[in-house]
Amino acid sequence: MEHTFYTLQEFMLHTESVTYIILAIILLGVLGFWLFLTEYDD
Amino acid sequence: MSEQLISENKTLFTPFNVIAGIIVIIGLVITFLRFTKGLGTVTNLSDTSPWGIWIGFDLMCGVALAAGGYTVSSACYVFGMKKYHAAVRPAILTAFLGYATVLVSLVYDVGRPVRLAMAYPFVVQQGTTSLLFEVGLCVMIYLSVLFLEFTPIPLEWLGLKKIRNIMIKLTMVLTIFGVVLSTLHQSSLGALFLIAPSKLHPLWYSPYIAVYFFVSSIIAGLSMVIFEGTLSHKAFHGKMDKTYLEEHDPLVLQFGKAASLVLAGYFSIKIIGIAADNNWHLLVTPYGLWFLVELLGFVALPCFLYAIGARDKNLKLIRFTAGWTVFGIVLNRLNVSLIAFNWQKPLSERYIPSLMEIGLSVFMVTALIIAFKFIATNMPVFHEHPDYKETH
């Protein structure tokens, strides 16, 4: 669903907020991925 | 005498030689037409689509897939991972031939190739504010650097010890040059599209496109080394010495692991790119679905497959994934330069390559394979020259 933004401030606040949430998920995901990748390493 | 002739004919008319010979003849005919009748005769290029598959495939994919040269040489010489030494020469050879093909393709593609041959854009009329100038300059210098990195192979073959020893001493300097130049032009190739925000589909266009191109070139380099090694194992197994064979499997495992990590990073920054431009709603359009095919099928899936392969030490899976990833990189470059380019135009106005353009691209790839085969068969690429053992 496309949201209408009326100001650049609104747009930036929305996209930056979403980006920060995604970054947090990525950081946790990378940790999990690393543990998965190196599970059988000596 | 007649038996000897029959035997020679048998070895000459192998399936590879016959197919390659036919392609080369067709390629030479197209070459003649291109340089006597002009670009209009052999291509479907136009003012709205001045870049076709000679740029989208030969150049964009050629440069990305030749990234194995700087990836392996920097791992070996800059980061001190000497256990990958056996892979350096095949990677440098692939990179050198890849860049040479890129340059030759460019000669076919530009309107005034003589000016390119005379280095006109660098000497007479420099466009220093253009990214294309930077790409051109970097590719030209990097091709020279790759040539110098490659020279120890023919010099050992020719028995020119003194020059060969000088070139070996330059290895570290050349590797650093190679990494710097590659970082610059791999990213700038993507940055070229920053000038066309209205032409490239928003899902592929991004202010971070230069970063995407650079990171994906590392993936291409790692995958290409595995993929090329797999093919070489089938074609040149007899030419490989014990050291190469011993070092190859651990290299496949480690490169597969590294590729899975870089793919995970690439997937992450692609998602961040969608979020930063708020392009989520475009994902449910036809182009969006195609974008998802690329992102999930050729980034997320190989990332997962590489990880499973590295975790379970499954070399077969890693080798298959390397081929899959190489195809994915080719698809990405074609998406950016051709498929998602001029996306708003109706199909009747879109660029579709002519048969002769495709024929010439096939000719270029065939010429590269023939050159690789000749060098790998005759020169010390997969084995150490007996006179220079342990001196690299």
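Me: Which helix does Leu368(B) lie in?
Reply: Leu368(B) is part of helix α17 of chain B. Keep in mind that this is a predicted model.

Me: Buried, exposed or partly exposed, that Leu368(B)?
Reply: Leu368(B) has 17 C-beta neighbours inside 10 Å, so it counts as partly exposed. The cut-off for buried is 20 or more.

Me: What does Leu368(B) touch, if I skip residues up to four places away in sequence?
Reply: Leu97(B), Gly98(B) and Thr101(B).

Me: OK, Phe96(B) then. Which residues is it in contact with, leaving aside neighbours within four places?
Reply: Phe96(B) has contacts with Leu146(B), Phe147(B) and Phe150(B). Phe96(B) also turns up in the largest nonpolar core, among the residues that touch the most other members.

Me: How many residues are in that largest nonpolar core, and which others touch the most members?
Reply: The core has 99 residues. Alongside Phe96(B), the ones with the most contacts to other members are Leu65(B), Leu93(B), Tyr99(B), Ile219(B) and Leu263(B).

Me: Which helix gives the largest share of this core?
Reply: Helix α13 of chain B, residues 209-235, which puts in 12 residues.

Me: Let's stay there. At what angle do α13(B) and α14(B) pack?
Reply: About 155°, and their axes are 9 Å apart. The two helices are therefore roughly antiparallel, since anything over 145 degrees goes in that class. The crossing of α13(B) past α14(B) is left-handed.

Me: Which residues make that contact?
Reply: The α13(B) side includes Val211(B), Tyr212(B), Val215(B), Ile219(B), Leu222(B) and Ile226(B). From α14(B) you get, among others, Val252(B), Phe255(B), Ala259(B), Val262(B), Leu263(B) and Ile269(B). Ile219(B) and Leu263(B) are both on the list of core residues that touch the most other members.

Me: And how does the α13(B) and α14(B) contact split by class?
Reply: You have 16 nonpolar, 6 polar and 1 charged residues there.

Me: Switching to α5(B). How many of its residues are buried?
Reply: α5(B) is mostly covered, with 9 of its 11 residues buried. Among them are Gly68(B), Gly69(B), Tyr70(B), Val72(B), Cys76(B) and Tyr77(B).

Me: What covers the buried residues of α5(B)?
Reply: The cover includes α6, α9, α12 and α13 of chain B.

Me: Take α12(B) out of that set. At roughly what angle does it cross α5(B)?
Reply: Roughly 135°, with the axes coming within 9 Å. That angle makes α5(B) oblique to α12(B). The crossing is left-handed.

Me: Which residues meet in the α5(B) and α12(B) pair?
Reply: On the α5(B) side they're Gly69(B), Tyr70(B), Ser73(B), Ser74(B), Tyr77(B) and Val78(B). α12(B) answers with a set including Thr171(B), Met172(B), Ile176(B), Val179(B) and Ser182(B). By class, that contact has 6 nonpolar, 7 polar and no charged residues.

Me: What follows α5(B)?
Reply: Gly80(B), with a positive phi near 70°.

Me: Which residues other than glycine have a positive phi?
Reply: Asn278(B), near 50°, is one of them, and Asn342(B), near 55°, is another. Asn278(B) is in the loop between α14 and α15 of chain B. Asn342(B) is in the loop between α16 and α17 of chain B.

Me: Why does Asn278(B) count as partly exposed?
Reply: Because it has 18 C-beta neighbours inside 10 Å.

Me: Last topic, chain A. How many helices and strands does it have?
Reply: Chain A has 1 helix and 0 strands. Its C-alpha trace spans about 55 × 20 × 10 Å along the principal axes. Of its 42 residues, 0% are buried.

Technical notes:
Residues numbered from 1 in each chain as written. Chains lettered and ligands numbered in written order. Predicted model: local features only at pLDDT ≥ 70, side-chain atom pairs only at ≥ 80, totals over all residues. Axes fitted to C-alpha atoms, helices over the stretch in contact; angles between N-to-C directions. Helix = DSSP H or I, 4+ residues; strand = E, 2+ residues; numbered from the N terminus. Parallel < 35°, antiparallel > 145°, perpendicular 65-115°, else oblique. Left-handed = near helix turned anticlockwise from the far one by under 90°. Contact = placed C-beta atoms within 7 Å. Nonpolar A, V, L, I, M, F, W, Y, C, P; charged D, E, K, R; others polar. Core = buried A, V, L, I, M, F, W, Y, C linked by C-beta atoms within 7 Å. Buried ≥ 20, exposed ≤ 12 C-beta atoms within 10 Å, placed from the backbone.
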